[in-house]
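Biologist: Before we discuss the interior of this protein, could you put the sequence and the model on the screen? I would like to go through the cavities and the ring contacts one at a time.

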Amino acid sequence: MGISRFPLHRPLLARLLTAAFAGTATIILFAAYATFAINLLCHAAPALAEHGASLITADRWDYRRDLYGTLATFYGTIAVSGIALSLAAPVAILAAVFSARYAPPSTRRSFKLALDLLAGIPAVAYGFLGVHFVRVIVVRLSGDRSVPAYGDSYLTAGFVLAIMLVPIICTLADDAMWSYPLDEELAARSLGFSNAQITWFLILPRSLPALLASMLLALARALSETIAVFLLVGRRDVGLRTLLERFPLLLEPGQTITSKLASGETLIAQGSTAHSSALMFLALALTTTVVIVAIAGRRLLRSFAPDGATAHL
């Protein structure tokens with residue numbers, strides 16, 4: 001009769017097999033993550049033991065002189081991610097408002113498909129878009145004075161990264177607004193609320209946890225992005241005090257944690273325990289930050305639990 005040969009008439013055996021396979025896979029997964037974390041911590045320990053707090057507070061990085069200050073690198077990571085998030089979030093949320101509340105169903109489906117396609121484009125393609133298009137615009141807007149002739153800067157990297165973050169924020173925001181309870185929307189319409197009033201005074205405040213969660217998850221993505229930032233940030237080791245003396249600050253080339261870890265220094269550091277340990281400290285700091293931000297975003301997204309049916313009226 002085409003019935004599966006799996007012994008469904010033996011529920012105990014089925015539960016035991018499911019528990020065994022799922023438990024084994026979970027143990028392997030957690031063991032792999034634990035091994036990765038322990039290795040990072042062990043390799044970063046020598047740098048922490050030797051330099052202590054100065055590893056974070058010092059802003060001079062020169063491996064030829066055994067100087068491993070990471071302050072400027074942390075600043076670059078925060079600057080690029082901050083630029084990207086501040087540019088992407090307003091555009092993405094407004095696009096989600098249009099998609100969830102105003103667009104016809106066919107338009108919304110096409111829009112969601114376009115977002116999925118944008119999210120699937122490789123980061124290196126965005127990086128080359130920035131190399132051949134965005135940084136030329138940045139140079140022209142700055143009057144060829146504030147940035148190097150090739151246009152690499154924190155702003156250039158942040159702008160391209162913002163394009164990459166828009167699909168992430170927009171998709172989550174659209175889903176949050178689309179899932180607004182139908183009974184509450186019908187009650188608001190019965191009181192004479194317009195679609196705009198429902199959207200701006202009911203749905204957006206109700207969706208705020210999900211919107212914040214989408215931005216946190218996008219921030220985790222921004223912090224960990226490597227190839228696009230590597231191509232556009234300039235990869236120049238400049239002390240933070242030197243950067244602060246220049247204006248405009250965001251038009252200067254610099255380093256981020258990911259661009260530092262993706263550079264040729266990882267090969268050079270193989271001959272120096274201090275150098276490789278400092279790079280491992282950067283990897284540990286980045287991993288810890290991304291995990292914390294991602295967990296916070298997931299927990300916040302989980303707290304958004306709309307009740308009732310969903311519809312677009």
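## Rings and cavities

Modeller: The charged end of R108 sits over the ring of W178, at 4.0 Å from the ring centre. Please keep in mind throughout that this is a predicted model.

Biologist: Over which ring does the charged end of R235 sit?

Modeller: The charged end of R235 is placed 4.3 Å from the centre of a ring. Since a charge sits over a ring if CZ of Arg is within 6 Å of the ring centre and within 35 degrees of the ring normal, the arrangement counts as a charge over a ring, and the residue that carries this ring is F230.

Biologist: What is the angle between the planes of F74 and F281?

Modeller: The structure holds three aromatic pairs, and one of them joins F74 and F281, with 6.4 Å from centre to centre. F74 belongs to helix α3 and F281 to helix α14 (residues 273–303), so this pair ties together parts that are 207 residues apart in sequence. F281 is buried, with a relative accessible area of 7%. The pair is edge-to-face, and the angle between the planes is 80°.

Biologist: How many residues apart in sequence are the parts that the pair of Y75 and Y154 ties together?

Modeller: Y75 and Y154 form an edge-to-face pair, 5.5 Å centre to centre and with 90° between the planes. Y154 is buried, its relative accessible area being 1%. Because Y75 lies in helix α3 and Y154 in helix α6 (residues 154–178), the parts tied together are 79 residues apart in sequence.

Biologist: Which helix supplies the largest share of the lining of the second largest cavity?

Modeller: The second largest cavity, with a volume of about 50 Å³, has a lining of six nonpolar, four polar and one charged residues. At least two lining residues come from each of α3 (71–102), α9 (208–224) and α12. The largest share, three residues, comes from α3.

Biologist: What is the volume of the largest cavity?

Modeller: The structure holds two cavities of 30 Å³ or more. The lining of the largest cavity divides into five nonpolar, five polar and four charged residues, and the volume of this cavity is about 80 Å³.

How values were computed
Residues are numbered from 1 along each chain as its sequence is written. This is a predicted model: local features need pLDDT of at least 70, side-chain atom pairs count only at pLDDT 80 or more; totals for chains, interfaces and linings use all residues. Side-chain values use heavy atoms; hydrogens and water are left out. On a 1 Å grid over the protein atoms alone, a cavity is a set of points where a 1.4 Å probe fits but cannot get out, and a pocket is an open set with protein on both sides within 12 Å along at least five of seven lines; lining residues have an atom within 4 Å of a point. Grid points are joined across faces, edges and corners, and a volume is the space filled by probe spheres set on the points. Ala, Val, Leu, Ile, Met, Phe, Trp, Tyr, Cys and Pro count as nonpolar, Asp, Glu, Lys and Arg as charged, and the others, Gly among them, as polar. Helices (H or I, at least four residues) and strands (E, at least two) are DSSP runs, numbered from the N terminus. Rings of Phe, Tyr and Trp (its six-membered ring) pair if their centres lie within 6.5 Å; planes under 30 degrees apart count as stacked, over 60 as edge-to-face and the rest as tilted. Buried means under 20% relative accessible area, exposed over 50%, partly exposed in between (1.4 Å probe, protein chains only).
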